Amino acid sequence: MESRCENSVLGHGDLRSRGSKHNMTEQDALLDEFESNGKAAKDTQASMPVKSTSNFTLILLIVMVALTWGIAATAYFGIVDYKAVMGWKEMGPVETRSSKAVPDSDPENPPQAKENEKPGLNKEKAKEPISHDSVKEPDKKKVEPIEKETEKKTQENKKEKVKKKPNPFTSKEDKPILNELKSGDKLLKKGKAKEAELHFRKLIKSNPSSPRARFGLAEALNALSQQLKSNSVLQECIKAYGEVVQIPGCPQALKKQSLLTKSDRETFLGQLSSSLKTLAVLAREMPNDVEVLNKLGVGYLMINKNSKAKQIYETVLQIDPDNGFALTHLGFIVKNEGDWVKGADLLGRGVGSLAEGTQSGKFYFHLGDALHRTNRTKEAEEVYARGAEKGLFRSKYQRSLYNVDRLQSRPFWTPKEAGASEYVRKLEQNWKMIRDEALKVMDVEKGLFLEEEEGLKNTGNWRQFTLFAKGEKTAECNRVPKTCALIDKMPNAKGCRRGQIKYSVMMPGTHVWPHTGPTNCRLRMHLGLVIPKTGDGARLRCADEYRTWEEGKVLIFDDSYEHEVWQNAESFRLILIVDVWHPDITDHEKRTLSAI
Ligand code: LMR
Ligand code: MN
């Protein structure tokens, strides 16, 4: 079973760092999964999210809101894979147009909190105007003895206590059928989803203007879709939630609950733009609701609209300057835009808030990185150590976030330990052919080696030429056919869907920031092809150990550990990087783990 090294189940969707053509940064493996949302849903059997049945006491509804959050949450590096909660295997999710029942809204133009509605800007309460009335002598005749007055007040208080608070989810249209609504809820609570569905359908027939009856139907369909693992029932459920909010007089709380669940279910099906649209509708109606805005921000991040998400989180922070969720998310965006100082500040405050959704490996990861890159090395180390203590990382050095827990690990491996002796032999025997093919591509068509775009480089020039990625051969193989033919005979390398095979050329004066690969499921082989001996040389640090390359020799390390590279020689360094499945990964895992 794969885990994310993360003990927090509740979070809220995922983030995607942007700005590079190669979307997949080693640090943000997950991000890749947003891109392939539909695809991802297909290759992973959904682990069904827990969903509470409806019971319309206020407390239960609060619990429901929390649970709904939890479901949406799995998008970032949470224990549950984002795609693990998306669509069912047998019916791949299909992006549909969002329910017609929902009024149109424009996710391109997220709602802004209205200036005069921002509590953050309007904190001071208007002072009561002092009028003559306010200093008027009390009407003596009306004054009652103090004991009597106190007694009266106590009685009133008691009465108030007995008087039930109005249920914010119930409208006047629901009142005549409260008992029927309750019995539907009971059916749902007992897990009788089908019966509940029929019950609510009948209720709707006789009471078409009851928002709660329609909501009950949506809830029943939601439960039923989970029982049957049916995407088409889920689609019906989504439609039903959309219809709830169309009913005139639908209470705000019920609207919010319906649209949040609708959006969550849409995300589950991989319908990310519909989900975003749903949130945008809600946010337009409730422009100061930070819970809604925070989710809307995640919606934008999930479709890689980071600048829109940024606006949303800035708005949230105007309303609620200490909102931890918004702080971490804005910090993440800003940090990935390259503003490490501001990113560290925001992420630090967000993570420090301990608020729900902030204790994620991803935020600790980027906070540490931002601190490190701004020379706050000691603080970075503390953040990593804290992340490891919290179980967000496997250790302070091994900070990959897509992990299979039981795998043995160490920074450097021998070919035998890696179960790769045969591959190493073949690579070393053929190293000159591999080098010559690379040099030909480098010399003749320099443009083919692409700049490393994951933002891992501090200084210098580092380029790559990719032959296989995520277990798929690239078109570049046509240019280096012999090398690819050799790799073709290495199933654990060419089929490593959590790795790449690429040439890597590094120019003198290059320093690669300490960084960590996304997963512990692979080991990384480096075959030395052109290794300069002059100057200060080129070297690699992995965890606490330093190594260098040798021409014609393979070096194996686990890149889920922090590693760092310096190239201070006088000419370029060329290697072939070959990722292989970790020897403890089973055949079943090789087939089923999501590609990274
Ligand atoms: C890495 O795998 O991060 C680097 O070691 C690659 C390289 O070219 O040295
Ligand atoms: Mn690396």
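In the predicted model, an oxygen atom of ligand 1 lies 2.7 Å from a side-chain N or O atom of Arg 573, a polar contact in the sense of a pair of N or O atoms within 3.5 Å (within protein, one atom must be able to donate a hydrogen and the other to accept it, and residues adjacent in sequence count only if both atoms are side-chain atoms). For Ser 504, the separation between a side-chain N or O atom and an oxygen atom of the ligand is 2.4 Å. A polar side-chain atom of Trp 462 is found 3.5 Å from an oxygen atom of ligand 1. On its own, ligand 1 has 270 Å² of accessible area, of which the protein covers 99%; areas were computed by the Shrake-Rupley method with a 1.4 Å probe, and for residues only the protein chains shown count as cover. Around the ligand are 14 residues, each with a heavy atom within 4 Å of the molecule. Those that come nearest are Ser 504, His 515, Arg 524, His 563 and Arg 573.

Residues are numbered from 1 along each chain as its sequence is written, and chains are lettered from A and ligands numbered from 1 in the order in which they are written. Local features need pLDDT of at least 70 and side-chain atom pairs count only at pLDDT 80 or more, while totals for chains, interfaces and linings use all residues; side-chain values use heavy atoms, with hydrogens and water left out.

Arg 573 also lies over the face of Trp 549, at 4.5 Å from the ring centre; the criterion is NZ of Lys or CZ of Arg within 6 Å of the ring centre and within 35 degrees of the ring normal. Arg 547 is placed over the face of Phe 412, 4.1 Å from the ring centre.

The structure contains ten aromatic pairs, defined for rings of Phe, Tyr and Trp (its six-membered ring) by centres within 6.5 Å, with planes under 30 degrees apart counted as stacked, over 60 as edge-to-face and the rest as tilted. Phe 449 and Tyr 503 form a tilted pair, with 6.4 Å between centres and 35° between planes. Phe 449 is in the loop between α18 (431-444) and β4 (450-451), and Tyr 503, 54 residues away, is in strand β8 (residues 500-506); helices (H or I, at least four residues) and strands (E, at least two) are DSSP runs numbered from the N terminus. Relative accessible areas are 2% for Phe 449 and 0% for Tyr 503; both are buried, the classes being buried under 20%, exposed over 50% and partly exposed in between (1.4 Å probe, protein chains only). Ring pairs join these two residues and Phe 465 into a cluster.
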